[in-house]
Amino acid sequence: MSLNYTSILLLALTAVASLHAEETEVKEPAIPTSALMPITPQVRQILDARCVMCHGAEMKGELIVKEDIDFSTDAAILKTLPNVNIMLEVIGDDDMPQGAKLPRPFRKDAQLIAELDKLKAEYEKKGEKAVLMDWLTKAK
Ligand code: HEC
């Protein structure tokens, strides 16, 4: 097969198009956690009620800080949350709090199971995801 001018041009255009496609797949740059500050009282209340249970509070006398991420204070968030992107992912996909599991030693604790079920139900009922997404998407 011989390549004429048109087919060379087409090949070149295809190459440029695929380069461009790859470019758009590149991950968004990480948004620094500091962009989430200051935290409004409304967001603070949600973090306290729905997240701190497993990220910065004691559960039956044992401090639980899952994935080393601590939401208990603004200073702790600044220190332990790697970036905003990770939050956009887990809140956007309903991984947290909906997919959150109790720490292994407490998985059969009826009281904690009930507490976690209630936490998830209230989060849904009060539309708290929208509040968190609003907070996160405004961060730049
Ligand atoms: C019942 C315990 C529990 C609750 C409540 C909870 N988490 Fe988690 N979280 C976990 C566990 C366990 C992990 C570790 C991995 C996993 O299950 O995804 C985790 C991981 C994470 C991660 C890291 C994910 C990653 O990809 O590295 C983030 C961010 C996070 N949680 C945010 C939150 C936020 C925000 C809330 C509240 C809306 C919350 N979590 C509520 C248990 C919890």
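**Iron site and nonpolar cores**

Student: Is histidine 55 buried or exposed?

Tutor: Histidine 55 has a relative accessible area of 11%. Buried means under 20%, exposed over 50% and partly exposed in between (1.4 Å probe, protein chains only). This is a predicted model, where local features need pLDDT of at least 70, side-chain atom pairs need 80 or more, and totals for chains, interfaces and linings use all residues. Residues are numbered from 1 along each chain, and side-chain values use heavy atoms, without hydrogens and water. So, with its 11%, histidine 55 is buried.

Student: Which residues coordinate the iron atom of the ligand?

Tutor: Donors are N, O and S atoms within 2.8 Å of the metal (3.2 Å for Na, K and Ca), and water is not among the atoms, so sites may look incomplete. At 2.1 to 2.3 Å, the coordinating residues are His55 (NE2) and Met96 (SD).

Student: What geometry does the site of the iron atom have?

Tutor: Six donors count as octahedral if opposite ones are over 155 degrees apart and all others between 65 and 115. The angles among the six donor atoms here are 84 to 178°, and the site is octahedral.

Student: Which residues have the most contacts inside the largest nonpolar core?

Tutor: A nonpolar core is a set of buried Ala, Val, Leu, Ile, Met, Phe, Trp, Tyr and Cys residues joined through side-chain atoms within 4.5 Å. The largest has 21 residues, and those with the most contacts inside it are Leu47, Phe71 and Trp135.

Student: What does leucine 47 contact, leaving aside neighbours within four places in sequence?

Tutor: Contact means heavy atoms within 4.5 Å. With those neighbours left aside, leucine 47 touches Ile39, Val52, Phe71, Ile77 and Trp135.

How values were computed. Four donors count as tetrahedral if all angles lie between 85 and 135 degrees; four count as square planar and six as octahedral if opposite donors are over 155 degrees apart and all others between 65 and 115; anything else is irregular.
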